[in-house]
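Let's take a friendly walk through this structure, beginning with a pair of helices and ending with a few strands. Have the 3D view ready as you read.

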Amino acid sequence: MDAELTTRSKSIRARLIQLQDSLDHAAKNDKIKAIEAKMSAPDFWDNSETAQKVVMQLKTLKGIVGPLDDLTESAGDLDALFEMAEEDESIEQEVRTEIERLEEVLDDLELKALLNGPHDSAGAIVTINARDGGTDANDWADMMLRMYSAWAVGQGFKIELLDRQENEEAGINNASIAVRGPMAYGYLKGEQGMHRLVRISPFNSEGKRQTSFAAVNVSPEIDDSIKIDIEKKDVREDTYRAGGAGGQHVNKTDSAVRLTHIPTNTVVQCQNERSQHQNRDTAWKMLRAKMARIEEEKREAEDASKYATQAKTGFGSQIRNYFLHPDQRVKDSRTGHYVGNFESVLNGSELQGFFDAFLRLKAGKTEAVADDDDE
């Protein structure tokens with residue numbers, strides 16, 4: 001048997017033991033049993049909203065424990081494969097293929113182990129704002145909204161439109177969506193910052209190249225069981241007439257709600273629902289999410305020494321460049337992750353690679369890079 005395969009097999013076992021510990025496999029198994037017992041109660045579905053949250057929690061846990069159990073079983077079967085290969089050399093290729101498969105599964109689970117923040121398992125509230133670039137920026141913001149929605153659909157996640165403000169010429173001024181699925185916030189929080197697009201403008205009759213920007217803000221969608229201290233006296237509420245789709249009702253009543261947290265100058269708004277009451281409830285949910293994000297950023301700042309090489313990832317920083325001219329490419333300014341097909345990123349199919357690269361950077365697995373895309 002090839003000595004290299006033996007070494008890789010030992011590495012798989014060592015990584016697996018470490019992974020079981022870091023993912024707290026036993027505790028997650030106990031939690032699954034407790035949730036399944038809770039779901040078997042006859043009154044479990046009496047409160048649909050609460051029940052859905054429990055189901056999502058179970059799905060998240062099984063998404064980690066299931067593959068880990070399969071991996072443990074497959075790693076245990078390697079001994080039998082090695083014995084067979086000793087007797088029949090033709091089986092060595094089968095051993096190699098199985099080791100490669102197990103290494104890929106391990107890589108994926110080790111990435112999930114990095115999603116260990118206090119809110120990483122929660123849903124995400126993603127807000128996209130058009131910035132510099134005129135109508136091109138409005139169009140770019142709309143393209144990004146479709147990009148994140150396509151990625152979420154590809155992951156089997158649920159999406160809810162919370163707010164959308166159309167631009168009169170094209171695209172959107174801003175929009176907010178809730179993305180709900182296992183580790184949605186953990187994956188998406190690295191998207192916070194400025195996204196830059198360079199292309200030949202479809203809104204310029206002279207066909208000139210245009211640079212435009214869209215800003216992304218990501219907050220965890222937290223439930224009422226998590227305490228977030230917000231004094232109502234610190235929040236100013238404004239109501240206004242909603243614009244865009246919705247018919248006469250939307251245009252004739254002050255159904256839209258804007259909340260401003262004065263101490264932090266944090267602003268959220270919602271106009272997507274038909275009633276002011278519903279918009280107010282959603283806006284408060286969005287405000288609680290943003291305040292939770294602010295608290296998380298404070299904790300991350302305290303731990304900043306762990307990530308001395310990490311590039312800035314705040315709301316105003318440029319994190320990624322998207323080029324349609326002179327050639328197609330998308331490159332992350334922090335990690336250096338690169339995709340040469342613009343459309344495959346915009347349709348969500350190759351967006352996950354950027355999330356994974358940022359997770360590795362955040363965990364100190366790789367070093368931040370200096371961006372040289374200044375075209």
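Helix 2 and helix 3 cross in a left-handed way, a term used when the near helix is turned anticlockwise from the far one by less than a right angle. Bear in mind that this is a predicted model, where local features need pLDDT of at least 70 and side-chain atom pairs count only at pLDDT 80 or more, while totals for chains, interfaces and linings use all residues. Residues are numbered from 1 along each chain as its sequence is written, and side-chain values use heavy atoms, without hydrogens and water.

Where do the two helices meet? Residues including Ile32 and Ile35 in helix 2 meet residues including Leu58 and Leu61 in helix 3, where contact means heavy atoms within 4.5 Å.

Now move along to strand 10, residues 329-332. Is it covered on one face or both? Both faces are covered, with Arg329 and Lys331 buried on one side and Val330 and Asp332 buried on the other; buried means under 20% relative accessible area.

Strand 10 also has neighbours. Strand 9 (residues 318-323) runs antiparallel to strand 10, joined by four bridges, and Arg320 has Asp332 as its bridge partner. Val330 stands opposite Val339 in strand 11.

Technical notes: Buried < 20%, exposed > 50% of the residue type's maximum accessible area, 1.4 Å probe, protein only. Pairing = 2+ DSSP bridges.
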